[in-house]
Amino acid sequence: MRLNGRGSEGVTCSCGAVSPQFRCCDCHGTQMFCHECTLQNHVFHPLHRIEIWNRSFFQCITLKQLGVRVQLGHNPGERCYKPSPTASDDFVVIVLNGIHEIALDFCGCALAQIRYKQLLRMRWYPATVSEPQTAATFTVLQHFHILSFESKVSAYEFYQSLARRTDNSGLVAIRDRYSAFMRMVHQWHNLKQLGRGGRGHDPAGVDATAKGELAVLCPTCPQPGKNLPLDWEKEPLFTRWKYALFVAIDANFRLKRKAVSSDTVDPSLNAGWAYFVHEDSYKSYLADRASKKQERSTCVSHNAVNMADTKSSRGLAATGVGTIDCARHDMKLPNGVGDLQKGERYINMDYIMCSALLILAMSMINISYDIACHFPPRESSLIRFFVPKFHIQAHVDKCRKNFSFNWSRYVGRTDGEAPERGWSNINRVASSTKEMGPGARRDTLDDHFGDWNWKKITALDLGRTLHKKMVEAVKWTKEHSEALAELEKTIQPALIAQWKADVESWEEYNSSLNPFESRFNLAVTQAAVRLQLTELEAQDLQAGINVSLHTDVSPSGLITSGMDLKDQQSSLANVSLHDTDNQKATTQTQIASLQRRLDAWARIQELYMPVVCQLRHQSSEASGRPQELKPEDFNLWLPSQLPAGTPVDQTLTGHEWELRYAQALDALNEVHSHLRLQSHMYKYKDKNVLGQAGSTRAKKIIDAMESRKHASVLKYRHARSALLSLGHHLEKCGWELTMRPLLDSDVKPMGDMEQQGRGTISWIWLDSHADNSCTENERIQDCVRLEWCKAHARAHRWSEEVELLLEEMRRVLAFLRWQGSWWKECITLRTLNSVPAQEGLSAYACRQSALCVLLIAKFQRLWSDVLIPESGEIDALTIDAPPQL
């Protein structure tokens, strides 16, 4: 509060004047000055805010009102012999501390520069080149530029904050320069892009800018002529695979644009020079194929594709954007972005993909796309299509077989989900860009994509990211290689050779025999029963029979989701009593999530089973007081859990019966598999493992197998208990002969009877639903084969990841060296008549070249402690001694 007053009594000005009236809000300190000293102090600071003491409080007053005039074209304090005031002596400057009205004189000397150049040399950006009356300081434009990247603040919000900083009372009329500010911001961003692209150094000028030339390139991606060996295409495939380009395709439907303005009124300043494709060529291509009907996906129901022609675009000029990214480092590629007019149509995405790939000019490409199954399966090692690891789980078996990263060689640990990670950053500008004209929107998104790429290299630290990935890859390569070696000690070499040949044939020729699938038929599964019930309900709907009481959840869906919730309750109940804080936090999150799902499910259940309302009410009254949140103890009251005599819909009871029966068969098959692997591991341990360390590791594996086996046993027992209850309601009989009580003594391998020479074989191996067409040894061998194939794939993918990361580190250093040399060459490319301008060109290029050198030094320091494991083709190197460039 003290600062609201003058601070102390009897203050004097620095010149000795008594009772000074003025103080500056932006100068250092709170000293007060007289009128003359205030003017003298602000010769170099004409945009400071001044306050005058009116004997009661301080009020604002402008330097213009005090008589300060700003002279351009001369050093501060000097006067022009022929000053030229602005029209009406009115000039507005937008500064970080507000919006200022100043008295401005242009230089009228004989050698004076044109007016907009005089402003630029003052570091003020003019709103127009013809008789400018508004300008913004470089500082405010730079500040808004960075702020828009980090906070995604709109130009309108930023300008309004400056207006309120000027006067927050609403009593003072502030000159509206919002439109001029928008224009200056748009031009500023474009000029910055041109400068960073080296267009100011090219004698051909801005008009000679090539497509995608202003994009910030991913230094880890292979760039012919920049970071690849000269004869890389001639190297054998087992080496050349490291030079393949990984790209990911995706669409974003948050980045819409309303049908406002047009390309004629609001043209783009970039015109295909950065990330967006060239609009005219793009629209011409689409217009030529406008009548082409969208092909439907033959895989799962991809709404983005199958409903593209029916997607509502009312009031929208663009329903979103399609993008092509670097699949391993989430950077936008040049000419890899385009507007989508009506959903994710193939013709849009194909054009965008080809535009990006033409610029990159790579002959080996791995393409990740969540609907890649509409492309032909891989038939060569040059261009391969994959479905991202998260999305592939929603595809049919054929797609998971043909387009999986996990089962394909030469891809490392790439997951293909890179675009999804970047949407959270760009989605925050959607609310402002959707109101823009087409040109301003494309240029704004281009600018944000460029900043995202640059930030991935610097602020988000590409060096640390690669270092962290390398440390993890080295660790897991070692662990999985050791695990594979331990497993192979238990297997005959002839079998390993046969299995290896099967895997190599699958990886290279995509043979029909998938080594990662079991060779034996399984019993009826719970998933198959779920599908059958869903199909029956669909047939009823087609026949005009609708028994659903909820728009989204059918009777079978209610029972299915209820059983899933029961499984989640069981897994949540098995929580350790000595968890760490992180584990406790994760558990609490799971509890809250489960509780929300239970609440939603219970509300739907009350529609189909009204009786549960009364049962829950009785249970609540019996407790007498509110209970602690324990969703794992929540009673679901499925038909099998209802008390005897409780009325319930027979349809629901029948659905649960079918699902429980299949669940019991699933559980028995799981017990079979666990017993086979456990028996194999016991034999191996007894025969090969010696010493405490080896025994401890083997015991850990066997204990984990025992835990999974116990979970499957409990699953069977719960399913059989439910069948007993449901069988009484449905009058089912005979099923108990095959679904016997599972005692602990029954859970034993088939070979136990033969080894011990007495006793009988357990009934679980005599189940009529099981596939007993093969001998037990063949079954065990198939289980071991599957485990070996998976272990082999894991070890090789991690080993490939180490090689890829080492190559990417080499490429980063090579790219930065090329870029540094390129900037050095730019120094002498263009010759200007003006010595100061020539010096500016040279200084800019030198600074950019030095930045590349500094980044190289930084990355080499970060990578100096990364040791590459000695395995296969990887020599023991350190990153600070990379291969020759």
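1. In this predicted model, W823 is a buried residue, its relative accessible area being 3%. That value falls under the 20% below which a residue is called buried. Y844, by contrast, counts as partly exposed, at 29% relative accessibility.

2. A search of the whole structure finds 25 aromatic pairs. One of the pairs joins W476 and W798, whose rings are stacked, with 6.4 Å from centre to centre and 25 degrees between the planes. The assignment as stacked follows because planes under 30 degrees apart are placed in that class.

3. W476 is partly exposed, with a relative accessible area of 28%, while W798, at 10% relative accessibility, counts as buried.

4. W823 and Y844 also form an aromatic pair, in this case edge-to-face, with the centres 5.7 Å apart and 65 degrees between the planes. W823 is in helix α23 and Y844 in helix α24 (residues 835-863); the pair therefore ties together parts that are 21 residues apart in sequence.

5. Two rings have a charged residue over the face. K226 is placed over the face of W818, 5.0 Å from the ring centre.

6. How do helices α7 and α9 cross, and within what distance do their axes come? The axes of α7 (residues 279-288) and α9 (residues 346-360) come within 10 Å and cross at roughly 140 degrees. The two helices are therefore oblique to each other, since only angles over 145 degrees would count as roughly antiparallel. The crossing of α7 and α9 is right-handed.

7. Which residues meet where α7 and α9 are in contact? On the α7 side they are S281, Y282, Y285 and L286; in α9 their counterparts are I347, N348, Y351 and I352.

Terms used: Residues are numbered from 1 along each chain as its sequence is written. This is a predicted model: local features need pLDDT of at least 70, side-chain atom pairs count only at pLDDT 80 or more; totals for chains, interfaces and linings use all residues. Side-chain values use heavy atoms; hydrogens and water are left out. Rings of Phe, Tyr and Trp (its six-membered ring) pair if their centres lie within 6.5 Å; planes under 30 degrees apart count as stacked, over 60 as edge-to-face and the rest as tilted. Buried means under 20% relative accessible area, exposed over 50%, partly exposed in between (1.4 Å probe, protein chains only). Helices (H or I, at least four residues) and strands (E, at least two) are DSSP runs, numbered from the N terminus. A charge sits over a ring if NZ of Lys or CZ of Arg is within 6 Å of the ring centre and within 35 degrees of the ring normal. Axes are lines fitted to C-alpha atoms, for helices over the stretch in contact, and angles run from 0 to 180 degrees between N-to-C directions. Angles under 35 degrees count as roughly parallel, over 145 as roughly antiparallel, 65 to 115 as roughly perpendicular and the rest as oblique. A crossing is left-handed if the near helix is turned anticlockwise from the far one by less than a right angle, and right-handed if clockwise. Contact means heavy atoms within 4.5 Å.
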